[in-house]
Each structure stands twice: as C-alpha cells, then as structure tokens.
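Hi everyone, thanks for coming. Today I'd like to walk you through a structure that may be new to you, so please have a look at it with me.

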Amino acid sequence: MDLRDFYLLAALIACLRLDSAIAQELIYTIREELPENVPIGNIPKDLNISHINAATGTSASLVYRLVSKAGDAPLVKVSSNTGEIFTTSNRIDREKLCAGASYAEENECFFELEVVILPNDFFRLIKIKIIVKDTNDNAPMFPSPVINISIPENTLINSRFPIPSATDPDTGFNGVQHYELLNGQSVFGLDIVETPEGEKWPQLIVQQNLDREQKDTYVMKIKVEDGGTPQKSSTAILQVTVSDVNDNRPVFKEGQVEVHIPENAPVGTSVIQLHATDADIGSNAEIRYIFGAQVAPATKRLFALNNTTGLITVQRSLDREETAIHKVTVLASDGSSTPARATVTINVTDVNDNPPNIDLRYIISPINGTVYLSEKDPVNTKIALITVSDKDTDVNGKVICFIEREVPFHLKAVYDNQYLLETSSLLDYEGTKEFSFKIVASDSGKPSLNQTALVRVKLEDENDNPPIFNQPVIELSVSENNRRGLYLTTISATDEDSGKNADIVYQLGPNASFFDLDRKTGVLTASRVFDREEQERFIFTVTARDNGTPPLQSQAAVIVTVLDENDNSPKFTHNHFQFFVSENLPKYSTVGVITVTDADAGENKAVTLSILNDNDNFVLDPYSGVIKSNVSFDREQQSSYTFDVKATDGGQPPRSSTAKVTINVMDVNDNSPVVISPPSNTSFKLVPLSAIPGSVVAEVFAVDIDTGMNAELKYTIVSGNNKGLFRIDPVTGNITLEEKPAPTDVGLHRLVVNISDLGYPKSLHTLVLVFLYVNDTAGNASYIYDLIRRTMETPLDRNIGDSSQPYQNEDYLTIMIAIVAGAMVVIVVIFVTVLVRCRHASRFKAAQRSKQGAEWMSPNQENKQNKKKKRKKRKSPKSSLLNFVTIEESKPDDAVHEPINGTISLPAELEEQSIGRFDWGPAPPTTFKPNSPDLAKHYKSASPQPAFHLKPDTPVSVKKHHVIQELPLDNTFVGGCDTLSKRSSTSSDHFSASECSSQGGFKTKGPLHTRQVNEHFYWSISTAYKCPVNQY
C-alpha cells in the first residue's frame, strides 16, 4: 500500500465517522419567486441552540456565518447575530434552478447551503436544505404554433393519430393537465393517453369518413391547460390534410426499446438499428425513418438517424453528467398519413471521465487568496468548508479528500462529501510563518482521477514570547573606590517575536541605586563610588520588556562583587581591654584574648598582633590574640598590669593600630562567713506562748570579708527544727515562727544554722547554734543556762527535745512547788504585816517617808560601787565554759542538705583566750551601703569595656576551709543599731555595717581567730553561771 492508498483509506474512514456534535441539518420549504427579506427560518430556535455558556453561566455572543463561494450570488442570507434566514434580491426560479431535470414530485427541486456558528468554542456546521416548491408561473406550450397532420382518406372511424404534446416547465398540477380541440367540425375528436411516466399525449380521433375529393384540408385549434391557480393555457393551429390511400402502414418490431452506451463512445458509434416493415409493395413499401416531434433538440444534436436504414448513431460526444437518459421517438413512414411509432430509451453509462471537483468555501475570509491566522488561535480553528463532488457515478463518483503533506492542519469529515479544514495543533509564528499546501480529492475509478486545491495560510505574530536574556545570572566584579560612570557590562536579551513585539527596553529592579542602565542599549554603568566595607555584593534584577500588547517581560539576576583595596586599618573591638584573673592562676595560663577586626578582605585583613612595651610578663599569640601569663600572679605584690598591643594587616602598604591592655588580679574565696549575731553561744531568746505565727523570734547575722559572690550569704536550718515550728529567711537570717506554740512546745529548742557563701570555685560555710526558750517567762536563768550546757551532750544532728524532757518535767514540778510555797508565805506575810501595821501605823509611815527621801537625794555609794564591780566582772569573767563540737561531713560542698554527725565533749578547764571576737578595727576599708553594688560589680563597672573572666588553664586546688566560729562568752551587743536587727531583704549587700558606725556599731576587741582543720568543724560555746539572763 503506497502513501496515496493510505490517504484514500484514511479519508474513507473519516467519512464514515461524522461528528454529530458539530454537524446538523435543517430542511426548509419555500415557494419560488419570493420577494426580498422574506423570513425562511431561525437557526438557533429550530435547533434549540442556547446562547448561555453551560460552564460559566454567562451569555455567549454567537456569530452565524453563511459559507459561500467567492463570486456566488447567494439566494438567501443569514443574520450574523440572530441566525435568521431571509430571501435576497436574487430571484429563486425553480425552473432555472432545476433546469433539464425531470421531477415526478413537486418537492424534489432544492438547493443546499452551509452555515457555521462561531466562535471556535461553540463551533457548529449547519447544513441547510431548502426545497423550492413550484408556483404556476409558466403556461404550457406546444412545440410549434402550427401542427400539421396528414390523414389518409380511407382512415377508419375512431382511428387515432398522435398530436405533438405540449410542455410546461412547471410540475405537478401546475404542469399540463388538459387538452381541448376547438372547432373540430364533428369530424375529429381528441383523446388523451397517459404514459407510465405520467406524460399526457394528445391523440386526434377520426369520427367521420373522410373524402379527399370533397375536402382535403381541415383547420382547427388545439388548446392545452395546466392545473395551476390561476390556470394558464395556450393554443396551436392544428391543420389536418387528407391524403390519398395507402393501404398498409409500417410496423416496428418493438415499440419500446432500451439501449446502453458508454458516454465515451466515439462519434459514429452505432446505438441501435431500428427495423420496421410494410406489407405494401412498390413505392408504398418504401419506409422513411424520422425523429418524432417530441424529441428534444439537444438529443437530435447528439444522435443521428439514418432515414433509410433506421440506424441511430452518435454524432457528437456524449456526456452522462449532462444527460444520462435520452428518450427518442422514431417515426417510420411509408408516405402514408399514419406513420409507425417506436420509443428508444438511450441510457448513457458512466465512465471515469470526470475528475473530482473541490468546492473550497472559506469560513475565515481570505485576503488576495491567503488566509491569515493568529498564532494564538486555538486548536481546531475552522478555516474553510470543503465540498467534494464527482459527476461520475458509483465507484467512479466515490471521492476521498486529504491534505497532500504534513502540516498543522487536518480535514474533519462532517458529511459524506464535506470536510472542515481545521488547525490540528497550536501554531507558532516563530517556527513557521507561512503555510502553502494542497488539498487533494481523488475518486475511486480505474484509473483514479485527482483534483487539487491550493491553500495559503499566513500567521500573524502575537506577543507570545517574552524577551530572553543570554545569561539568566550575570556576575560582575569591580574594584572599590571606582570613578562614577564606570562601564561595567552590556546586558542583552532577545525576543523571538517580530516587529514591535521584539522591541526591547531594559529597566533596573530594586536595590540598584548604585547603577545606571541605558534603556535601549542595555549598557550598565556605576553611578556611585563603591565601598566594599559598606557593601561587598550587590544583587539586583534587570527587567527586559517588549512593546507588545500586552507587553511581556523577563528578568535576569545581576551580581556585582566589589573587590577589596587596603583602605582600612585594623580595628580593636575595644580601645582598652581589661581582663580579670585570680591570684592563684598558674604560670603560662590564658588570661585573655585580644579581638581585632579589619574591614578589608583577603590579605588586607590578615592581622598580626604584637606587644609593644611589656617586660616579658606576658606572651601574645600574633594570630589568635590569646594572652598567656609568663609570671605567677600575687595580688599583694601587684594587683594589675598594663601594656600596649599593636595590630598590623597584610596589605600593601600595611596599616596598623594600637590598643591598651590591663590585667587585673582578682582575689579568691578564702574567707568563711563570720557570725555577728547571736553574739554569744550561751545566749538564748525567749519565745512566749502568745507569739503569733510570722513574728520574728530571733536573728542570725554574719559577714564575709570577701567580695562579690564570695560575700553573698545564705542561711539555712540544718538541725533542731524537726517539728517545723521555726523558719529562717535564707537572705536576711531572720528566724520567724511558723505556727503558734502549743503547750507541748514549751522548753528549750536548739537550732543548728548553717551560713554559707556563694563563692567560686568552692563555697565556704560556718555553723552557729541558736537557743530558743518557749515559755511565758524566763524566771530562772541559771536553770536555762544549765539546760544549754547539758544540751551540748546531744549530737548536733539530733533533737534536744528527747534529752531535755526530764529536765523540763522537773522544772515544771519545781515551779509548781515554788508557787504553792510562795503563795503560802505571801499569805502569812500579809497577815503578819497587817497586824504590825495596825500597831505601828504612824511610825511606819514616817520611817517610810524618810527612807524614800534619802534614796532619792543621796544614792548609796556602796551600792554603786558594787554595781560597777558586777558590770566589770561580766565583761571579763574568770570562769567560762568552752565546748568543742566535732562534726564529720561527707560532702563539705553542701552542708545544708546533709546530716551532721557530731559528738560534744566538755573539758574540765576552759581558757578565755581561746574565744575569738570579731574586730571591726583592722577590717579592710571597703565599707559600702547595703544598696551599693558588690565589689565584683564595682570592678566590672570601673571601665567602659567589658571585663574578660577566663578560667585558668590549670585550676588551682582550693583548700577546704572549715571555720571554727568563736563567739564571745557573753553578749557583746552594745548600742542601738537597728540596722542589724531590722535588715531589709531587698538590700543588695546586707552584710554592710556602715550604717551602724554612727550609732556605736559593734564593739569587739582583738583580732578574729579561726581554726582550719581538714574535714572537721570546731565549735566554741561559752557560758557564765553567775550572771543575769542575757537575751539577744
């Protein structure tokens, strides 16, 4: 199968698959000769076409277009907006429209037209068939106005002679319906014979005997009428000549003959040999053959009849497509008045002698034979309606249609002989701007005949291509400190469109204030001086926009890198660096890091550090800036070191800068808290049973001569508060009552309070005992002191309640007995006194007055001396009690949460010299108010630069300081300093005593002594037996 056969097969299949969705038919019936603008039909109404878009619900604007061939005079017109069909000024003549055809029914004359519905989304092809009904606009006519007939004189009565029939272009009842013989003179009559084809043939009937000698000529009229309304008619003169007698007339062997002859039969080809016989002899037997009067002139021109032999031959070329059937009436006459009649039907058979016809009617009107399409037209855009036909019949008339070569167009079959030329794919002006191809119509004859039609299509450019940059990312580099207007590069983009759609203008995007861009040429220049240190890289966009409608654009990224020049000196982060190191920092430890920056890049920012004026005390790494000590620090010998450092970059020429460095030597946490209150370990505090919860019942106050966090203290009760009766404030040291004391709480309570600092790297702490005596009164001080002494036998991690209970019960019994005895003594004394006073009233009163006056005016000097001696004795007692409490702990770092296991031993002799006192005299002159910052904060704020605190490379092991707090034997609180008793918990430094200095403060004598023993606590408690009760 060759390519041509493949196209034929494809076209045949396409013809069988008609698209019913886009191809519809309408049939209208009209009468001929209608005037202009007569409505014929309404396409959308008759096909029920909706103007509403089913997808969007909006009204669609449909366009109805009549597909007509260029130069044709259309018989009807179609309204493009409404789809209504009207007649035009061109008259519809049925007889002209269907000339040369024979119709048995009046509705068989019609013409067809095609209407398309646009736009492409709503495309439909409507095939309209308009049947033209006949009107009686033609009168029947005889072939000749005078009809001559020869009749022999011996013709028998009722003999019939044919009269040439009249013809009427109209059909049906509008055609020939009736013949009438006028002025027949009773000699002749008229009869009508109707043929099987429906034709009416008039025949003249002889009603009387004829006698040529009497009358040889008869002149009459014959009238023919049609059946139309109004009725039309015509007449002809019928002249009858009576001829001499000829006894026998010729007779054909066959009255009806049908023959077939191909249309390509050459001239002279015999069609049929007619043969008639005559029984006469002589001249009466000589037969002549002639065509009957009914034979059309066109048929007489095509065929020739031999008058003598009766042979019908082809005398001109036949064309089946013009006339396929020829009916020939042949008369055989022997000279008599009654010739023989034979009807010959000549069927011209088809041969493939006609190539197919292509009727190309454009839906899109061409300009000078070229169709212009937009490249944005969608697929299946309708271009033309193609109708193919072939005058041949059967296989010779079967036509297929196809496109000769591969183009983005195809033919869609809508009817068996009609195709729509459509686009088969999207068109691209940039790919192909013009198409020229042939549409081929080929029949199926042997050999096959073809016909072609040339189609030219030109595409109109649409702005469907945005400009394209040669590089989507444009990278540039330029040195800083450039001149203004420096040329950088030329930005270029191309557009595949043409004309104004390809005209490109350039525009800078945001963040491009440092640049200028020529809109036409794309030349990019620098509008400012670049400083790499301010901005090293510029990233912005460039837009290329064409001048199409609407305009299209694209963007390219531009990256401009600013190259560095050595225009910046190194810059230290601080003009003055201050570092703080501990005095125990080992040699070769890191004490600080110098940070320096250079805004330049590359070698220009490669900085080298050096020390300018140091005496080898420190080593500076030239690249990392790390400072290491080359000495062992001793704060007592030197508390700070100062030197200068220099930074030099690697640029050409190099740039440098200097900075100052100070190394401050910091103290370490080597002092434990010192207890100020309670001032004596033998003192106690009375807690009455009427005390309310939340009231302060005792105070613990300590100081730490360290600074910063090393001096921040925390107070906790570690033992003796198993009932939860008391609570200590961890910041102020105030001991408050948690709940109201019950009778079962009466007695002595020993609280073990731990005071720890927040020092680093190790916290130091001190323990103190606080005795609280719960009772309404404290009448027997000796008894309470005895209880305190006896509690020393109880380990610190145990509650003294169990061991002191017998003493408390004994105390209750003694008190009760004393109360009863005292009451009895009082009663007796009162009774005796009353009696004595009754007897010596006057003398007693006088003695009393003189005694009182003497006491007021002259005090007893002896008593005064005794009081002084007693007061002096209290200051320096000769006997004291010193208790040593040894406490073993597993984790000295947290003395608050760990149980304390200790034993109490009471030596026989105690020395007063072992009791240490806190001395304010030699204290460091670093007095500060409670709301002033601590020493560490003071150091940090001494310089505007931040301080660098670095851990030493080799940490120094700090000794564990377990403090032995030695308190005075008795109370040494002197003066009325409320600052210590009413400390504010919000103070940042609650250890300061400066506020009490103007009111007396704390007075102590001698230095403060501490004892340091690994992993043990030594506690000193002193008490006096023969002294009044001292409450702190």
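Let's begin at Leu421. Leaving aside residues up to four places away in sequence, Leu421 touches Thr381, Lys382, Ile383, Ala384, Ile386, Ile403, Phe409, His410, Leu411, Phe437, Ile439 and Val455. Please keep in mind as we go that this is a predicted model.

What is Leu421 part of? Leu421 belongs to the largest nonpolar core, which has 28 residues. Along with Ile386, Phe409, Phe437 and Val457, Leu421 is one of the residues that touch the most other members. As for where the core residues come from, at least two are supplied by each of β24 (357-362), β25 (370-374), β26, β27, β28 (409-415), β29 (418-423), β30 (434-443) and β31 (450-460). Another core lies apart from this one, with 27 residues, including Val257, Ile287, Val330 and Ala340. As general background, nonpolar side chains in soluble globular proteins tend to be buried together.

Asn396 sits in the loop between β26 (382-389) and β27 (399-403). Is Asn396 buried or exposed? Its relative accessible area is 17%, and the cut-off for buried is under 20%, so Asn396 counts as buried. The side chain of Asn396 makes a polar contact of 3.3 Å with the side chain of Asp350. Beyond its sequence neighbours up to four places away, Asn396 touches Asp350, Val351, Asn352, Asp390, Asp443, Gly445 and Lys446.

Let's move on to the cysteines. How many disulfides does the structure hold? There is 1, and it joins Cys98 to Cys109, with an S to S distance of 1.7 Å. The link between Cys98 and Cys109 is right-handed, with 85° about the S-S bond. Cys98 and Cys109 each lie in the loop between α3 (94-97) and β6 (110-118), so the pair ties together parts that are 11 residues apart in sequence. Cys98 is buried at 10% relative accessibility, and Cys109 is buried at 0%.

Next, a hairpin. Strands β11 (residues 188-194) and β12 (residues 200-206) run antiparallel and are joined by 7 bridges. In one of these pairings, Gly189 has Ile205 in β12 as its bridge partner. The hairpin has 5 residues between the two strands, and Gly198 in the turn has a positive phi of about 90°.

Finally, the charged pairs. Side chains of opposite charge can pair when their charged atoms come close. How many salt bridges turn up in a search of the whole structure? The search finds 17. In one of them, Glu33 meets Arg91, at 1.9 Å from N to O. That pair links distant parts of the chain, 58 residues apart: Glu33 is in the loop between β1 (23-31) and β2 (39-42), and Arg91 is in the loop between β5 (84-87) and α3. Glu33 is partly exposed, at 26% relative accessible area.

Another salt bridge pairs Arg789 with Asp786, at 2.9 Å from N to O. Both residues lie in helix α5 (residues 781-791), 3 residues apart, or about one turn of the helix. Elsewhere, salt bridges with shared partners join Arg532, Glu533, Glu536 and Asp564 into one network. Within that group, the closest N and O atoms of Arg532 and Glu533 are 3.4 Å apart. Arg532 is buried, at 7%, whereas Glu533 is partly exposed, at 22%.

That's my tour, and I'm happy to go back to any part of it.

Terms used: Residues numbered from 1 in each chain as written. Predicted model: local features only at pLDDT ≥ 70, side-chain atom pairs only at ≥ 80, totals over all residues. Heavy atoms only, no water. Disulfide = S-S within 2.5 Å. Helix = DSSP H or I, 4+ residues; strand = E, 2+ residues; numbered from the N terminus. Buried < 20%, exposed > 50% of the residue type's maximum accessible area, 1.4 Å probe, protein only. Polar contact = N/O pair within 3.5 Å; in protein donor to acceptor, adjacent residues only side chain to side chain. Contact = heavy atoms within 4.5 Å. Pairing = 2+ DSSP bridges. Core = buried A, V, L, I, M, F, W, Y, C linked by side-chain atoms within 4.5 Å. Salt bridge = Lys/Arg side-chain N within 4 Å of Asp/Glu carboxyl O.
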